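Colleague: I would like to understand how to read a model like this one, and I have a few questions about its fold and its assembly.

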2 protein chains.
Amino acid sequence: MARKQIFYTAGPAELYQKFEEYLQEAVDNQLGSISHRSGQFKKIYQHTDEQLRTLLNIPAENAIMFTGSASEIWERIILNCVELESFHLVNGSFSKKFYQYAAALGRHAHKMEKPMGEGFTYGEIEVPEYAELIATTQNETSSGVQMREADIHKLKRSNSDKLIAVDMVSSAPIPDLDFKLVDTAFFSVQKSFGLPAGLGVWIANEACLEKANKLKNEKGLSIGAHHTLPELWSQSKEYQTPATPNVMEIFLLGKVAEDMNKTGIDAIRKETDRKAKLIYNFFENKQGYSVSVQKEALRSRTVAVIDTEAPSSEIINVLKEKNLIVGAGYGPKKLSQIRISNFVANSSEQIELLLAEMDKI
Amino acid sequence: MARKQIFYTAGPAELYQKFEEYLQEAVDNQLGSISHRSGQFKKIYQHTDEQLRTLLNIPAENAIMFTGSASEIWERIILNCVELESFHLVNGSFSKKFYQYAAALGRHAHKMEKPMGEGFTYGEIEVPEYAELIATTQNETSSGVQMREADIHKLKRSNSDKLIAVDMVSSAPIPDLDFKLVDTAFFSVQKSFGLPAGLGVWIANEACLEKANKLKNEKGLSIGAHHTLPELWSQSKEYQTPATPNVMEIFLLGKVAEDMNKTGIDAIRKETDRKAKLIYNFFENKQGYSVSVQKEALRSRTVAVIDTEAPSSEIINVLKEKNLIVGAGYGPKKLSQIRISNFVANSSEQIELLLAEMDKI
């Protein structure tokens, strides 16, 4: 069945082109019934692990682990990697939530905060001396601001005694992160991987594991009970999970990552940049609209946030009648912004169609 | 496509008969792409909520909430409902994990423990004075032992100052629990609801919520950050979730629960009892096999555990060649037991087919 609507939303989002084909394969192979302790499941996990490792250039020593969602991983990182103090770069609703999670877990959570639409560059960041972990958000889904990979890498290089965490929820696999520098990163599958929600992916290195073990064994602290890093880690090395995971989604993610590897991540990144340029150029020249993020280099490659003169609901409704689904602004910006996804599943044709229709408004 | 294998495993398990039809409906309606903040999602949540409420006879004031898995809920219950001490009835691997979760979270976790294959009756249980929560496992998936509803209810009545939690992971919707007595209960969808893994369902009453608020606001304790009860609760009352949930599975669960309501829970429970009787009668009379749980009243209605004289792997392999998938014993019982699911999706014909094939062995 042809899809009725095209989704340009920041996630849940447009599904990957071959989603239905792969879902059917999962159904035909009865993957909803197989044991997560079976060799069959281990092979699925291994395949997804290997494809993600290739796609994101993740070293062999890092673990790739699965959770229920990316939000869950915010909590797991704080519980396992922070004893007392964390430091958060906050410039939107999701980076703020990571910060709030740390505070809710009783940590002394420091933050450097910017207004919506602004971002961080390396030079301006002052990291508190006792922060054990620096939490960065590579792509702020709420504001459409990115943090450049080079800035993240410099931040780690000049704070090599601290762990650095990268929220790449709504941008993976686009950012070219150096996982020899990045200690931990995470994403969910309902953004640029074009799958239904229900799976979080957590990448961590041995420094994170050592920290968790130190907190637990040397300090005698609780690192949580469910999905602790040491437990997830040791199971992942056997392509296993501590609890029953979302088997079907792990399979689907492996298939999508495999396809992406066939295309090649460089080509995907270039195409994403090209589409992003199309979108931003269009709105820079379209009356009644402007790109929310001023600094070009800090504009998200995967979620474009556009200020609208007319109430965004009017624009969204006109597009919806044409079965093009665009997101509203986040929170207080609901009526004054639209958000347009530029995920891998949003093809060049889809982006062109949207802009052509918006040109008529 | 006809399913090749029939699963009699304790979960992931045989999928609900109409799973593929409902999955197709979810795909056709693009539920993998819709916003979890949309009215469309709220209607899906509301439908599932209402169908589960009818099916399990859950009062209006209780909340029905969604998590990534049932294991996650073990942790959430301890974090939100126990300040210092919990008490666990342990008679298998899963009830033990609940206990271990409490200990890992730094609680003083008490337990009363029975060997595998034995269960608890009300009269023998002594609840420690200062335990704030009694953790019961209605159906121990590892050992095939159930705790009768009447015993759970009596336990609460005589400990009305304590919260009672019921793990019904591998038995819901079969147990007829009185949710005016049970404070909190939980299950996952890959057991008797016949769906792929990836969703936990948490039912809690206002006493649980009050406890969480007390721990957080009066005592100033951390109740976690992700999926805290107050946050899940307030969102659920609007048919919303704090983080992006597994939208497709919530939809599927609603469809399955609706079908179950059409059949009627009484009829489903009777049919389950009838099939369970078939299974247990068969193995009581079959040479080389015996029912692991001695006390008839404590035998699980949904997961039959059978001791085998021959190594279970041999039996499992013979059946596998006929595309009948039966589970091994759990943990140390792997080779000396088989486990046979008697979930709603395991039709009468399927059970009869399995027993007929086993009769030939």
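The questions below go from one chain to the pair of chains.

Colleague: What radius of gyration does chain A have?
Modeller: This is a predicted model, and the value is computed from it. For 361 residues, a compact globule would have a radius of gyration near 21 Å, and the value for chain A agrees with that. The radius of gyration of chain A is 20 Å.

Colleague: What share of the residues of chain A count as buried?
Modeller: A residue is called buried if 20 or more other C-beta atoms lie within 10 Å of its own. Applied to the 361 residues of chain A, this gives a buried share of 57%.

Colleague: Which kind of axis relates chain B to chain A?
Modeller: Chain B is superposed on chain A by a rotation of 180° with 0.0 Å of shift along the axis, and the RMSD is 0.0 Å. That is the relation of a two-fold axis.

Colleague: In chain B, which residue has the C-alpha nearest the axis?
Modeller: The distance from the axis to this C-alpha is 2.2 Å. The residue in question is Gly68(B).

Colleague: How many residues of chain B are in contact with chain A, and how many of them are charged?
Modeller: On chain A, 48 residues take part, and they are in contact with 48 residues of chain B. Helices H1, H3, H4 and H8 of chain B each supply at least two residues of that side. The side of chain B that touches chain A has 20 nonpolar and 20 polar residues, and the charged ones number 8.

Notes
Residues numbered from 1 in each chain as written. Chains lettered and ligands numbered in written order. Predicted model: local features only at pLDDT ≥ 70, side-chain atom pairs only at ≥ 80, totals over all residues. Contact = placed C-beta atoms within 7 Å. Helix = DSSP H or I, 4+ residues; strand = E, 2+ residues; numbered from the N terminus. Nonpolar A, V, L, I, M, F, W, Y, C, P; charged D, E, K, R; others polar. Least-squares fit on C-alpha atoms with pLDDT ≥ 70 in both. Rg over C-alpha atoms; globule rule 2.2 N^0.38 Å. Buried ≥ 20, exposed ≤ 12 C-beta atoms within 10 Å, placed from the backbone.
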